[in-house]
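Subject: Structure handover

Hello,

Here is the structure for you to look over. My notes follow below it.

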Amino acid sequence: MSTSTPWELVIGLEVHCQLKTRSKIFCGCATSFGDAPNANTCPVCLGLPGALPVLNGHAVELATRASLALGCTVHEESVFARKNYFYPDLPKGYQISQFDRPLATDGCVLIGRRADGTPRGIRVHRVHMEEDAGKSVHDRFRDVSAIDLNRAGTPLVEIVSEPDIRSAAEAATYARRLKQILEYVEVSDANMEEGSLRVDVNISVRPRGSHTLGTKTEVKNLNSFSAIERAVEIEFARQCAVLDNGGRIAQQTMLYDDKRNQVRPARSKEGSHDYRYFPDPDLPPLRLSRAWIAARAQALPELPEARRARFAAQYGLGDVEIEQLLATRELADRFEAVAEAASDPRRAANWMLGTVLASVNASGGAMADHPVSPARLGALIRLEASGEVSNTAARQVFALMEHEDIDPLTLATREGLRQVRDDSALVEWIGEVLAENPVEAARFLAGEKKLQGVLVGLVMKKSKGSADPRMVNQLLGARAG
């Protein structure tokens with residue numbers, strides 16, 4: 001964002017995350033994605049008279065785990081409330097959510113470091129549980145919209161940040177870090193394409209240096225990080241133009257059209273009083289014991305921020321490599337196993353981020369299902385590091401290992417890919433290269449050292465990559481005296 005404008009951008013995010021449960025939050029209907037419309041419904045999620053909700057205990061556990069991973073205080077008592085509004089995909093006429101007594105409050109997500117090296121964090125205001133609404137389908141039938149209630153009642157946590165974000169890039173970074181944390185603690189698959197993670201962005205502007213918040217607009221249901229950035233930039237520019245021309249910002253809900261790359265108004269923005277919240281009479285307060293909460297905190301895995309610091313200290317990797325390795329918990333776990341097997345973290349990182357990741361992506365499978373185990377890959381990396389096989393030959397051996405459960409040394413020997421270290425063979429190749437390139441040979445032997453690399457390359461070509469380049473280099477150096 002340009003600092004030349006007199007206006008400062010202020011952003012807060014509301015992130016809706018679907019919890020990884022097999023059944024819905026208040027009934028036993030399945031939460032599977034892609035089933036036939038309205039297949040996963042019952043009297044509870046259809047809102048039929050007399051149907052009563054029963055809270056899903058696993059959803060509570062996952063919501064608690066998410067809250068703790070975000071550094072929040074999980075309250076021993078929270079209250080479900082009815083959020084009243086009328087929409088075609090909300091059959092009850094209200095959504096069961098939490099209002100003034102949410103599950104958790106006061107967390108923080110670190111998104112990097114400031115110029116002075118201090119941590120840059122975005123505060124989390126609250127985490128509360130709620131049920132999802134259904135889905136309106138506008139493109140299935142001509143001239144009419146359809147309603148699919150499979151999603152109605154799916155368990156969600158809504159994670160509301162404080163208005164601490166100051167740029168479109170920071171908003172996207174916060175969303176990425178949040179998604180990463182939720183995936184690490186296995187509370188959600190956080191699949192944005194399937195709607196498991198949806199982001200609403202609250203945007204306002206104020207005079208630079210002011211501490212008073214401006215009137216906000218909310219851009220709803222953004223489902224990619226690039227969409228978050230583009231929507232923020234467009235809406236910020238729009239609000240600045242309105243204020244520059246002496247206008248006033250209307251509080252309203254906006255929609256981002258990615259095809260037209262524009263943000264347009266959808267409706268006036270509701271306040272909490274418009275929803276007429278009140279405690280749900282069918283659900284008692286949710287009470288969690290202090291010991292139960294403490295046990296969930298104790299069971300958390302190592303979180304991305306702690307792992308980030310450890311990777312730097314333990315493996316000596318750079319920031320870019322670390323961020324790439326931490327993209328998923330599965331990738332980070334696999335890297336650590338390979339690094340241990342290879343006793344060479346840097347080579348392990350290069351292999352994981354290059355050859356292995358490309359192979360997994362090409363197969364469309366999961367990292368855990370890749371046929372080259374960490375132990376076998378570690379053995380291959382050790383062969384490469386020792387000079388037993390060249391870098392090129394190691395990639396050829398890896399390709400064979402994907403289809404044959406044979407140790408890499410046996411494969412390299414069978415395929416003639418082990419590097420030749422026999423002095424007599426190397427001397428013979430060097431002699432042939434010098435004879436075939438008399439001008440370069442004479443200049444090299446006369447002391448033109450820069451030609452040594454060229455001659456090494458020619459020897460490697462003659463040996464079809466089987467010569468040990470370090471030994472070739474040494475032998476050529478000895479020739480030059």
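**The sheet**

Strand β1 (residues 7-18) runs antiparallel to strand β10 (residues 155-161), and 5 bridges join the two. His16 stands opposite Glu158 in β10. Strands here are DSSP runs of E with at least two residues, helices are runs of H or I with at least four residues, and both are numbered from the N terminus. Two strands pair if DSSP finds at least two bridges between them.

Before going on, some ground rules. This is a predicted model, so to speak of local features takes a pLDDT of at least 70 and side-chain atom pairs count only at pLDDT 80 or more, while totals for chains, interfaces and linings use all residues. Residues are numbered from 1 along each chain as its sequence is written, and side-chain values use heavy atoms, with hydrogens and water left out.

β1 and β10 belong to an open sheet of 9 strands, in the order β2-β6-β7-β10-β1-β11-β12-β13-β14, with mixed pairing. Its edge strands are β2 (73-74) and β14, each pairing on one side only.

At the β14 end, strand β13 (residues 252-257) and strand β14 (residues 262-268) run antiparallel, joined by 6 bridges. Gln252 has Ser268 in β14 as its bridge partner. The two strands form a hairpin with 4 residues between them. In the turn, Asn261 has a positive phi of about 55°.

Glu321 lies in helix α6 (residues 319-325). Is Glu321 buried or exposed? Glu321 counts as buried because its relative accessible area is 16%; buried means under 20%, exposed over 50% and partly exposed in between, with a 1.4 Å probe and protein chains only. Neighbours within four places in sequence aside, Glu321 is in contact with Arg346, Ala349, Asn350 and Leu353. Contact means heavy atoms within 4.5 Å.

**Whole chain**

- The chain has 15 helices and 16 strands.
- Its radius of gyration is 30 Å, whereas a compact globule of 481 residues would have one near 23 Å. That radius is taken over C-alpha atoms, and the globule rule is 2.2 Å times the number of residues to the power 0.38.
- The C-alpha atoms fill a box of roughly 90 × 55 × 55 Å along the principal axes.
- Of the 481 residues, 47% count as buried.
- Among contacts between residues at least 6 apart in sequence, 68% join residues at least 24 apart.

Best wishes
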